[in-house]
Amino acid sequence: MKVKPLHDRLVVKRIEEKEAKQGGIIIPDSAKEKPMEGKVIAVGLGKVEKDGKRIPLDVKSGDRILFGKYSGNEVKIDGEDYLILREEDVLAILE
């Protein structure tokens, strides 16, 4: 994949949760909530201030993150689904 996000944006691949059945009931995919955990695939160079100074990102490629439920824009790249979101939409970095 050759995608380079601009400024303070990230390309994130959602990490799917394991399917769990409770009481023998299988929930259809359309009724499941989308996971809010993902792996950072690519990051931009950082936010540019008004004076031209660039602020580097705290998040780096390979990090596992938590993000808001309705954050970012969904895109399809090389047949795979990804999210493009801003660093400010990241809630936490998982260690």
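The largest nonpolar core is made up of 10 residues, namely Leu10, Val12, Val40, Leu57, Val59, Ile65, Phe67, Leu83, Leu85 and Val90, where a nonpolar core is a set of buried Ala, Val, Leu, Ile, Met, Phe, Trp, Tyr and Cys residues joined through side-chain atoms within 4.5 Å, and buried means under 20% relative accessible area with a 1.4 Å probe, protein chains only. Two or more residues of this core come from each of strand S1 (9-14), strand S5 (64-67) and strand S7 (80-86), strands being DSSP runs (E, at least two residues) numbered from the N terminus.

This is a predicted model, in which local features need pLDDT of at least 70 and side-chain atom pairs count only at pLDDT 80 or more, while totals for chains, interfaces and linings use all residues. Residues are numbered from 1 along each chain as its sequence is written, and side-chain values use heavy atoms, with hydrogens and water left out.

Beyond its neighbours within four places in sequence, valine 59 is in contact (heavy atoms within 4.5 Å) with Leu10, Val40, Val43, Ile65, Glu87, Val90 and Ile93.

The protein has eight strands and zero helices. Six strands form an open sheet with antiparallel pairing, in the order S6-S7-S1-S2-S5-S8, two strands being paired if DSSP finds at least two bridges between them. Strand S6 (73-77) and strand S8 (90-94) are the edge strands, each pairing on one side only. S6 and S7 run antiparallel and are joined by five bridges, and valine 75 stands opposite tyrosine 82 in S7.

| Property of the protein | Value |
|---|---|
| Residues that count as buried, of 95 residues | 26% |
| Contacts joining residues at least 24 apart, among those between residues at least 6 apart in sequence | 65% |

Terms used
Buried means under 20% relative accessible area, exposed over 50%, partly exposed in between (1.4 Å probe, protein chains only). Helices (H or I, at least four residues) and strands (E, at least two) are DSSP runs, numbered from the N terminus.
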